Amino acid sequence: MANLCIKPARSGQQLICLNRKHTFLVRLSTRFYSSESDKVVTIGSVKKTISVPKNPELVPKSYLPKSIPKETMKDLKWMMQKDILGQDIFLLGRPGPLRRTLAQQYLELTQREMEYVSLSRDTTESDLKQRREISGGTAHYMDQSAVKAATEGRILVLEGIEKVERNVLPVLNNLLENREMHLEDGRLLIPAQRYDSLLADHGKEVLDEWRLVRVSEDFRVIALGLPVPKYVGSPLDPPLRSRFQARDVKHLPFGQQLDILAKIAPNVDKETLSQILSFSHTLLTEESSGLGL
């Protein structure tokens, strides 16, 4: 198992570590949210600096187990590598909560704020960009999850991307490729590098007059989907698919699942747990899937 450590960037602060001998995660103290300095997460040879979240209530909590399985550790390391490179992630796998749980574990580990959108056939552009809402007797455009994630530097989690209608895909494609989006209220989201260049040349007042909005360099997208055509849905268009770095998220091996069950139910006989787990694995085989079980 790879070593996982959360160590302070400056001396005199708390050390968080997950090692080979003792597979446990020492929780961050409440000082994490009030400290002004950053910390560093290390998984193997991959290191990432953690900043204090502005809105800790948007950071997933209680998803990281005290004992992190080896396969989960590999997935978290891969996600951290892509995050450091500034790449968006596409997690594929069987139906179920595994992909979503893995994304939330990574966000909790790195203390990143999350914006979540569950996509469906009924999802429209306004669900991602802006909705017109009435406040104080006046209609206003209100930013939705994709816009808030882009401007605030959060992680946008899109679940069910294979279900979305094709007329919504160009919005996602432009946001992923160019970090640009035209909003209904006349504003334009542009990438951080371009905004900073224009800011140096023209100043903040001119950019506000042009209604340009900076997309944070910390903005990332994690898409969760099913492999199509094995499952029902629409396959992603090649231009959109090429914007993601994909990973097949598989269930844990039998032995690791048995160990987890033994910790959850220590009073149950291990042979009984093994039989229950064997039955569940049987239902997941290709033969059982063909029978509609």
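**Charge pairs, then voids**

Start with Arg-214 and Glu-217: their side chains meet in a salt bridge, 2.7 Å from N to O. By salt bridge I mean a side-chain nitrogen of Lys or Arg within 4 Å of a carboxyl oxygen of Asp or Glu. Glu-217 is partly exposed, at 46% relative accessibility. On that scale, buried is under 20% relative accessible area, exposed is over 50%, and partly exposed is in between, with a 1.4 Å probe and protein chains only.

Some ground rules. This is a predicted model, where local features need pLDDT of at least 70, side-chain atom pairs count only at pLDDT 80 or more, and totals for chains, interfaces and linings use all residues. Residues are numbered from 1 along each chain as its sequence is written, and side-chain values use heavy atoms, with hydrogens and water left out.

Back to Arg-214. Asp-196 also forms a salt bridge with Arg-214, with the closest N and O atoms 3.0 Å apart. That pair links distant parts of the chain: Asp-196 sits in helix 7 (residues 192–202) and Arg-214 in strand 12 (residues 212–215), 18 residues apart. Helices here are DSSP runs of H or I with at least four residues, strands are runs of E with at least two, and both are numbered from the N terminus. Asp-196 is partly exposed at 34%. Arg-214 is partly exposed too, at 26%.

How many salt bridges are there in the whole structure? The search finds 20. One of them joins Lys-48 to Asp-83, closest N and O atoms 3.4 Å apart. Lys-48 is in strand 4 (residues 46–50) and Asp-83 in helix 2 (residues 70–84), so this bridge ties together parts 35 residues apart in sequence. Both Lys-48 and Asp-83 are buried.

Now an arginine without a bridge. Arg-99 lies in helix 3 (residues 98–110). Arg-99 is buried yet has no salt bridge, and the nearest side chain of opposite charge, Glu-159, is 4.8 Å away. For charge, Lys and Arg count as positive, Asp and Glu as negative, and His and the chain ends are not counted. What does the side chain of Arg-99 reach? The backbone oxygen of Gly-225, at 3.1 Å.

Next, empty space. Rolling a probe the size of a water molecule over the atoms shows where empty space is left. The grid is 1 Å over the protein atoms alone; a cavity is a set of points where a 1.4 Å probe fits but cannot get out, a pocket is an open set with protein on both sides within 12 Å along at least five of seven lines, and lining residues have an atom within 4 Å of a point. Points are joined across faces, edges and corners, and a volume is the space filled by probe spheres set on them.

The largest pocket has a volume of about 950 Å³. Of its 35 lining residues, the closest to the centre are Pro-69, Leu-98, Leu-252, Gln-257 and Ile-260. Helix 10 gives the largest share of that lining, seven residues. Gln-257 is in helix 10, and Gln-257 is buried at 16%.

Last, the cavity. The count is one cavity of 30 Å³ or more. The largest cavity holds about 40 Å³ of space. Its lining includes Asp-83, Tyr-106 and Arg-220. Strand 13 (220–225) supplies the largest share of that lining, three residues.

Notes
A polar contact is a pair of N or O atoms within 3.5 Å; within protein, one must be able to donate a hydrogen and the other to accept it, and residues adjacent in sequence count only if both atoms are side-chain atoms.
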